[in-house]
Amino acid sequence: MSDLLQVRGLNVVFSGFRAVTDLDFTVDAGELRFLIGPNGAGKTTLIDVITGLTRPASGSVRFAGAELCGRREHQIVRLGIGRTFQTSVVFEQLTVLENLDLAATFRRPLGTLLRRRRGIADLVASALDTTGLAELANRPAGVLSHGQRQWLEIGMLLAQSPSLLLLDEPVAGMSRDERARTGELLQQVARDHTVIVVEHDMDFLRRFASTVTVLHEGRLLCEGTVAQVQADPRVQEVYLGR
Ligand code: ADP
């Protein structure tokens, strides 16, 4: 596997406060990578830098060979990076299908209208299938359960055919069954995408994570399998509170 994302020597400073310090972070194509760390560790800041929302003081972020620092959010989306936010982006009055169609229609490269429509229909059908929402396709998004709504948001990202998906706490507030379904969905998505997930739920990580990156106070604390990370005394001290 080859590096898809390479963060090197990243520093992010907010009004004199160092939110990220000398961070190196690499993700291979096809990985399902989990990012953990206590509040304030710099997880969201890292995601914000990758997606062009925050400008670093120094460092580089390379994605599929292209430097992302200095590019604007919409340019980064076009390069194939999609993210979910903790706040919902679903239109409640529109159906599940319409939400997916909107997501797929926007942010597509320009082509002939016909080619675009056909490509969009395929993307929407595939996103419906992957997220298991096909039976709810014609229901307004407003009636979805919390879990179904999260899956719709992941589907909306998939409909934009990114190669890298960044997901911020996708199982927060979900029931046990919904968490299990989401873990399976993430593993399925990672078969043909690269996925970075910010997640705190250790039970979920034990079940679904292969590689975990731990941040603490803006620095890389350690990286490895869930078992390796959990056995690391530094992680127990700062994250697990043991
Ligand atoms: P995490 O997502 O791991 O909880 P964040 O990346 O949100 O951590 O925050 C890292 C640190 O940077 C925190 O101490 C936070 O208060 C600070 N921070 C984040 N965004 C800003 C901002 N826009 N202005 C000032 N400080 C910020």
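Two strands pair if DSSP finds at least two bridges between them. I needed that before looking at the sheet, along with one more: helices (H or I, at least four residues) and strands (E, at least two) are DSSP runs, numbered from the N terminus.

Ground rules next. I'm reading a predicted model, where local features need pLDDT of at least 70, side-chain atom pairs count only at pLDDT 80 or more, and totals for chains, interfaces and linings use all residues. Residues are numbered from 1 along each chain as its sequence is written.

**Entry: the sheet**

I looked up how β1 (residues 3-14) meets β2, and found eight bridges joining the two, which run antiparallel. Val7 stands opposite Phe25 in β2. I then checked α1: it packs on the sheet and touches β1, β2 and β4 (58-63). Contact here asks for C-beta atoms, placed from the backbone, within 7 Å. The direction of α1 makes about 65 degrees with that of β2; angles run from 0 to 180 degrees between N-to-C directions, and axes are lines fitted to C-alpha atoms, for helices over the stretch in contact.

Zooming out, I see an open sheet of four strands in the order β2-β1-β4-β5, with antiparallel pairing. β2 and β5 (66-67) are at the edges with a single partner strand each, so one side of each has no neighbour in the sheet.

**Entry: the ligand**

Which residues are around the ligand? I listed Phe14, Phe17, Ala19, Gly37, Asn39, Gly40, Ala41, Gly42, Lys43, Thr44 and Thr45, where near means a C-beta atom, placed from the backbone, within 6 Å. β2 (17-28) and α1 (43-50) each supply at least two residues of this shell, and α1 gives the most, with three. I sorted the shell into four nonpolar, six polar and one charged. For that, Ala, Val, Leu, Ile, Met, Phe, Trp, Tyr, Cys and Pro count as nonpolar, Asp, Glu, Lys and Arg as charged, and the others, Gly among them, as polar.

**Entry: α5 and α6**

The axes of α5 (residues 146-158) and α6 come within 10 Å and cross at roughly 10 degrees. That makes the two helices roughly parallel (under 35 degrees). In the contact, Gly147, Gln150, Trp151, Ile154 and Leu158 of α5 meet Glu178, Arg181, Thr182, Leu185 and Val189 of α6. I count five nonpolar, three polar and two charged residues there.

I picked out Glu178, which sits in α6 (residues 176-189). Glu178 has 17 C-beta neighbours inside 10 Å, so I noted it as partly exposed (20 or more would be buried, 12 or fewer exposed).

Terms used: Contact = placed C-beta atoms within 7 Å. Parallel < 35°, antiparallel > 145°, perpendicular 65-115°, else oblique.
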